[in-house]
Structure formats: structure tokens, C-alpha cells
Amino acid sequence: MKRLLPVFLCVGLLVVGLTFNIAQAQNDLAPIGDGSSAVDLTPPVPLPSLHGGLLYDNGPLVNSPGTGLGGADESVLQNNSLLMSTLGAGHQVTAQNFMADDFTVPVPGWEVNEIVTYAYQTGGGPGASTMTQVHMCIWDGPPSTTPNLIWGDCATNVMNATTFSNILRVTETTMGTVSDRAIMR
């Protein structure tokens with residue numbers, strides 16, 4: 001009998017004014033333009049891994065490839081067509097703000113050697129990254145339910161690199177014109 005292990009990952013980054021973007025749980029990833037291109041909005045699922053492959057992906061960030069300044073991809077908030085207004089959510093370590101994502105380990109034996117997160121700091125362009133720290137905890141349940149800590153301590157900086165992802169966070173009204181929310185990887 002297989003046992004599925006639900007786990008929650010909480011991430012905090014230390015940067016004043018930092019905002020986190022995972023494309024608002026895919027709700028703002030409907031097609032841009034005339035709606036003729038299809039976008040898969042199904043919930044993310046764990047992916048199989050064979051010796052170093054991807055274990056889990058919680059969905060795409062880009063819904064407008066190549067339309068940004070300098071040919072960058074864009075993650076477009078649909079502020080006009082869907083009346084959305086939140087570009088992202090804060091997750092500053094200094095303010096005790098953390099973001100969580102839930103996923104299920106479908107089979108025993110996952111060996112995680114890299115976790116990639118994406119974030120932007122409002123006012124931060126595509127130059128050198130302003131991200132300085134990432135703090136992570138992995139629990140066996142929702143953080144609000146006093147779960148067991150599986151990994152991490154939420155105090156140790158685990159970041160080893162940061163760079164521009166070639167993605168800009170914009171709105172429908174600023175597409176192709178701004179780069180002040182450059183998403184860092």
C-alpha cells in the first residue's frame with residue numbers, strides 16, 4: 001500500500017519590499033489577447049523523477065512569451081479583462097511573512113537536491129538581483145495545524161544563487177513597457 005505524504009513548503013526571502021509571485025495560483029494565466037491560444041489551467045501535479053529529473057512543478061509563470069522589454073517573457077496580471085488587482089504577496093523574513101505551497105510525495109524515496117523559487121522586489125529591474133536570503137521549512141501538514149517539521153529551521157539562509165529569470169511581472173496596461181518587477185530565480 002502506497003502512502004501519500006502531504007507536505008508544505010514555507011519560504012521567506014529577506015529583502016525590503018519583496019513580493020512573491022507564483023502567478024496567483026494560476027488564476028491569472030488565462031490567455032492574453034483574443035483568447036485563441038489555449039492555456040492549461042488544471043491544478044499542478046507531482047511529476048515522476050528518474051535520476052535527477054523534476055519532482056514537482058506548481059505551474060507556469062509566463063503567459064506572454066517574448067512581449068516584455070528587451071524580448072523578456074511576461075507574467076501578466078489581467079487587471080482589465082478579469083479585474084484582478086494583486087500583483088503578488090509579500091514574504092519578507094524581517095516581517096515574519098512566509099509563503100506556503102502544498103504538494104504530495106507520491107512514492108517514498110524523493111531526494112531533493114534543489115528547490116527553485118521565483119520572486120520580485122517592486123522597483124527591482126532585470127540587473128543584479130536584490131535577493132539576499134531564502135529561509136525554508138518543510139512540514140508534513142499545513143503550517144496552521146502544528147505539523148511536524150521534516151526539514152529546515154526557517155532561520156538558516158539556504159540561498160546559494162540568484163539571477164534574473166528573463167520574466168517580468170506586469171499588468172495588461174503595462175505590457176511591454178515596464179521592467180520594475182523583474183522576477184528573480
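Thr146 is exposed, with a relative accessible area of 73%; exposed means over 50%, buried under 20% and partly exposed in between, using a 1.4 Å probe and protein chains only. This is a predicted model, in which local features need pLDDT of at least 70 and side-chain atom pairs count only at pLDDT 80 or more, while totals for chains, interfaces and linings use all residues. Residues are numbered from 1 along each chain as its sequence is written, and side-chain values use heavy atoms, leaving out hydrogens and water.

**Residues with positive phi**
- Thr146 is not a glycine, yet has a positive phi of about 55 degrees.
- The loop between strand 7 (134-139) and strand 8 holds Thr146; strands are DSSP runs of E with at least two residues, numbered from the N terminus.
- Asn166, also not a glycine, has a positive phi of about 70 degrees.
- Asn166 is placed in strand 9 and is partly exposed, at a relative accessible area of 35%.

**Overall architecture**
- The chain has 0 helices and 10 strands, a helix being a DSSP run of H or I with at least four residues.
- Of the 185 residues in the chain, 34% are buried.
- Among contacts (heavy atoms within 4.5 Å) between residues at least 6 apart in sequence, 70% join residues at least 24 apart.
- The accessible surface of the chain is about 10300 Å², and carbon and sulfur atoms account for 56% of that surface; the area comes from the Shrake-Rupley method with a 1.4 Å probe.

**Nonpolar cores**
- The largest nonpolar core has 8 residues, including Ala72, Val76, Met131 and Leu168; such a core is a set of buried Ala, Val, Leu, Ile, Met, Phe, Trp, Tyr and Cys residues joined through side-chain atoms within 4.5 Å.
- Strand 9 and strand 10 (182-184) each contribute at least two residues to this core.
- A second, separate core of 7 residues includes Leu61, Leu87, Tyr120 and Ile167.

**Tyr120**
- Tyr120 belongs to strand 6 (residues 119-121) and counts as buried, at 1% relative accessibility.
- Tyr120 and Ile167 are 47 residues apart in sequence, and their C-alpha atoms are 9.8 Å apart in space.
- A polar atom of the Tyr120 side chain lies 3.3 Å from the backbone oxygen of Leu87.

**Val158**
- Val158 lies in the loop between strand 8 (149-152) and strand 9 (164-171).
- Val158 is partly exposed, with a relative accessible area of 35%.

Conventions
A polar contact is a pair of N or O atoms within 3.5 Å; within protein, one must be able to donate a hydrogen and the other to accept it, and residues adjacent in sequence count only if both atoms are side-chain atoms.
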